[in-house]
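Subject: Structure for your records

Hello,

Here is the structure I said I would pass on. My notes on its side-chain packing follow below it.

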Amino acid sequence: MTKHSYIPRTTNYTLNPGDELNDLRMSDQVRPLYDHVKKFIRETVEPMSIEFAKAGEGKEDRWSFTPKQLEVLEVAKNKAKKEGLWNFFLPDDETGQGLKNLDYAYIAAELGKSPLASETMNCSAPDTGNMEVLERVGTKEQKEKWLKPLMNGEIRSAYVMTEPNVASSDAKNISTTAKLVGDEWVINGEKYYISGVGDPRCKILIVMVKTNPDAAPSKQQSQILVPRDTPGVEVLGPMYVFGQDHAPRGHMHMRFNNVRVPKENMLLGEGRGFEISQLRLGPGRIHHCMRTIGKAEKALDLMVQRGLTREAFGKKIAYLGGNMQIIAQARCEIEAMRLMVLKAAKAMDVLGNKEARVWVSMVKAMVPERACKIIDQAIQMHGATGISHWTPLAEMYQDVRHLRFADGPDEVHWMVVGRHELSMA
């Protein structure tokens, strides 16, 4: 072997025209649905969003919706349901639209362009992941009590995992305990950044707990259904994201004080919490990335509009300095992100969630980071207005920046990808 020679590695990334993983086309039968979604957002969701915001002005309780807000939202939701624009994310034909992950990726990118689009069509996080868990592993009784109203858009839910006193990116560190006492699980512990608990419509929590500290590391954790109004479930207050409390949904700091729930509230079985997490966080993580593509598109649209309508030093600002290159690079980045997300979605369809994990980690680490950069550049091109309430950019930046922690920090996903690369040597 010469000094400069090397042995090629065998990877599963090789471009092969006949490889099913490289066919990223939307299904022909889904295209009319995709066009319908875009039309519905343009003609119904966008006007409703303006009315919804106005209806909430001046309310005394930040942690509530006004009756008018709920009325406006329900009218749009009922219209979406009537038109068949409902529960896209569930792949099962009986409970959802029966879409492939790849097809949903195209639709979710459109949902991401409008803050209320996902909720209007019952495709909001964290409900999507929670519904998928209940649909896959819930008992008949659990589905009737909680999945049915969630799928009807009658209630909201929360996923309760992250803890303030341990590095929760390693789920083995979870310290909230659940002990079986007679016919009840007794839960004690502290959680934080629990999204959606502030919403008065939130009725059910899926809580990650440690049930057996003596078991193998991957068998110590379980997930339990806890009704929001159970005695001992204490909300200590909201956690802030860049100084914002995101009321009325919020990201709450919580404590579980001897919370008792029936043993039948256990999901799938004791010690199977990690198994449920992989089922839930595969699609859930990629749904965030799909919607983030839409946010990046929205930021670029605003950037271009601003660049062509403002002048400084005798020129449209789009033509000043390096702004034209910034705009061009943003388009390239969006298209690269889109292709990566579509490839990850197709990998889930072809390989299954577990085998596609490395693809999911790739996009989970890459997309929020790059989208944040595009939104930041759009803010810069707007000047001081970009960080104000006069544009949606500041809120978009907060939302996308926090995704670099949600469902696992960037570093964990880069580790998954890097470890996979090293294993192929």
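Phenylalanine 65 has a relative accessibility of 9%, under the 20% cut-off, so this residue counts as buried. Please keep in mind that the model is predicted.

Phenylalanine 52, also at 9% relative accessibility, counts as buried. The structure holds 4 aromatic pairs, and two of them are described here.

In one, the rings of tyrosine 34 and tyrosine 106 have centres 6.5 Å apart and planes at 80 degrees, which makes the pair edge-to-face. Because tyrosine 34 belongs to helix α1 (residues 31-55) and tyrosine 106 to helix α3 (residues 101-111), this pair ties together parts that lie 72 residues apart in sequence. Both tyrosine 34 and tyrosine 106 are buried.

The other brings back phenylalanine 52 and phenylalanine 65: their ring centres are 6.2 Å apart and their planes stand at 50 degrees, so the pair is tilted. Phenylalanine 52 sits in helix α1 and phenylalanine 65 in the loop between α1 and α2 (67-82), so that the pair links distant parts of the chain, 13 residues apart.

Now the cores. The largest nonpolar core has 95 residues, and Phe88, Tyr104, Ile107, Leu111 and Met121 touch the most other members. Helix α9 (residues 357-381) contributes the most to this core, with 14 residues. Another core, of 20 residues, lies apart from it and includes Ala158, Trp185, Met252 and Phe256.

Leaving aside neighbours within four places in sequence, tyrosine 104 is in contact with Phe88, Phe89, Leu99, Leu111, Cys123, His287, Met290 and Arg291.

Regards

How values were computed:
Residues numbered from 1 in each chain as written. Predicted model: local features only at pLDDT ≥ 70, side-chain atom pairs only at ≥ 80, totals over all residues. Heavy atoms only, no water. Core = buried A, V, L, I, M, F, W, Y, C linked by side-chain atoms within 4.5 Å. Buried < 20%, exposed > 50% of the residue type's maximum accessible area, 1.4 Å probe, protein only. Helix = DSSP H or I, 4+ residues; strand = E, 2+ residues; numbered from the N terminus. Contact = heavy atoms within 4.5 Å. Phe/Tyr/Trp six-rings, centres within 6.5 Å; stacked < 30°, edge-to-face > 60°.
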